[in-house]
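Work through the exercises below with the sequence and the coordinates at hand. Each task is followed by a solution in steps.

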Amino acid sequence: MSLIERIKEKAKGNVKRVVLPEGDEPRTVRAAAIVRAEGLAEPVLIGSAEAVRAAAQKVGADIGGIGIVDPVTSPKAVEYAAALYELRKAKGVSEEDAAKLVTDPMYFGIMMVKTGDADGLVSGAVHTTGDMLRPALQIIRTRPGMKVVSSSFLMDCPNKSLGEDGLLVYADCVVMPCPTAEELAHIAVAAADTARTLCGVEEPRVALLSFSTKGSAKHPLVDKVREATEIAHRLAPELLLDGELQFDAALVPEIGASKAKGSPVAGRANVLIFPDLQAGNIGYKITQRIGGAECFAVLQGLAAPCNDLSRGCSVEDIVNTISITAVQAQ
Ligand code: ACO
């Protein structure tokens, strides 16, 4: 069974309510119909009922039984506006601003999750990553014990000798452009947690990547990765974690053995931490496009699961992301 098949089986075991702010977007409507028919989650579509039904009719999706919520006419809007005002007044949001913001499907959806009216949210078929992330960061905020929100990409590689039977977890590829050493350490610990809880990896082995292995190069960028490794050790002493390691030293047993002798991780890492967003984002796309890996993005560290789609996503991508979100919510 592939990674995503395992995740879907898990989603069916405890069905969660996932809200879709882009409720009148054709791929989203089709995905919602599939998710409901297969019992992967209980989707809720946000938008005017007229627009959502028109979109469904156009693509031939059966959305019977799926909840539709219009932020402009919903009786919940007043409650959400009041809660949003309380949460953001210190940041200069007025009552008027809050009332206006909740008519925006993204903010309305985030408030559904914040107040517990939904268990998770998936968006991004139309909105950019920043449009989706900002309200999630401002309102859902970090889970207790988590310093930052970041992301992991679950890379299901055709070469099953890599990582954990072909699974590699890459972080951070979406959120933090230039993490400090401390933030990088938190990303490493969060990615290990994602590997364990979402992917069922019993022993995460975390490599903090660099262009240097164990002092082979000297540069302030390398020092940052070494410092992050030390901090991560202190944050999670039980975790198998090492750095700084080059990509090949982290993955290839012979190279790991020769460049980082005695490392508990080198040559057999299954969680790879990239030093910044440029490296992480480029790295996952190379693995996907040249390496032929299937990849799935998840946000980690939020107090409730919200996940982003690529604007080029397929209906299947949306179904997969809803399933992942549902499992994170369990
Ligand atoms: N974790 C927790 N909270 C955060 C984080 C974080 N990583 N980043 C920002 N915040 C908080 C801030 O503290 C702030 O809170 P406050 O308003 O209560 O003070 C709030 O979120 C907003 O922060 P800003 O600094 O105003 O937001 P910013 O403009 O920095 O945007 C964003 C944050 C959207 C995450 C930005 O860092 C970004 O654009 N990241 C890159 C996204 C991207 O384009 N990724 C690549 C494409 S995705 C792909 O290819 C799959």
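Predicted model: local features only at pLDDT ≥ 70, side-chain atom pairs only at ≥ 80, totals over all residues.

**Exercise 1. Strand E6 and its partners**

Task: determine which strands pair with E6 and in which sense, and state whether the residues of E6 are buried or exposed.

Solution. 
- Step 1. Apply the pairing rule: two strands pair if DSSP finds at least two bridges between them.
- Step 2. Strand E5 (residues 150-156) runs antiparallel to E6 and is joined to it by five bridges. Within this pairing, Phe 153 has Tyr 170 of E6 as its bridge partner.
- Step 3. Strand E9 (residues 271-273) pairs with E6 in the parallel sense, over three bridges. Here Val 169 is bridged to Val 271 of E9.
- Step 4. Sort the side chains: Leu 167, Val 169 and Ala 171 point one way, Leu 168 and Tyr 170 the other way, and all are buried. Buried means under 20% relative accessible area, exposed over 50%, and partly exposed in between (1.4 Å probe, protein chains only).
- Step 5. Because five of the five residues of E6 (residues 167-171) are buried, the strand is largely enclosed by the rest of the structure.

**Exercise 2. Positive phi**

Task: give the phi and the place of Arg 141 and of Lys 214.

Solution. 
- Step 1. Arg 141, a residue other than glycine, has a positive phi near 65°. Arg 141 is in the loop between helix H7 (129-140) and E5, and its 44% relative accessibility makes it partly exposed.
- Step 2. Lys 214 is not a glycine either, and its phi is positive at about 50°. Lys 214 is in the loop between strand E7 (205-209) and helix H9 (220-235); at 37% relative accessibility it is partly exposed.
- Step 3. As a reference, most residues other than glycine have a negative phi.

**Exercise 3. Salt bridges**

Task: state how many salt bridges the whole structure holds, and describe the pairs of Lys 147, Lys 160 and Arg 205.

Solution. 
- Step 1. The search finds 14 salt bridges.
- Step 2. Lys 147 meets Glu 182 at 3.9 Å, N to O. The two are 35 residues apart and link distant parts of the chain, with Lys 147 in the loop between H7 and E5 and Glu 182 in helix H8. Lys 147 is partly exposed at 42%, and Glu 182 is partly exposed at 37%.
- Step 3. Lys 160 pairs with Asp 156, with closest N and O atoms 3.2 Å apart. Lys 160 is partly exposed, with 42% relative accessibility, whereas Asp 156 is buried at 11%.
- Step 4. Arg 205 and Glu 164 form a salt bridge in which the closest N and O atoms are 3.3 Å apart. This pair also links distant parts of the chain: Arg 205 is in strand E7 and Glu 164 in the loop between E5 and E6, 41 residues apart. Arg 205 is buried at 8%, and Glu 164 is partly exposed at 28%.
- Step 5. Follow the shared partners: Glu 164, Glu 203, Arg 205 and Arg 268 are joined by salt bridges into one network.

Conventions:
Residues numbered from 1 in each chain as written. Heavy atoms only, no water. Helix = DSSP H or I, 4+ residues; strand = E, 2+ residues; numbered from the N terminus. Salt bridge = Lys/Arg side-chain N within 4 Å of Asp/Glu carboxyl O.
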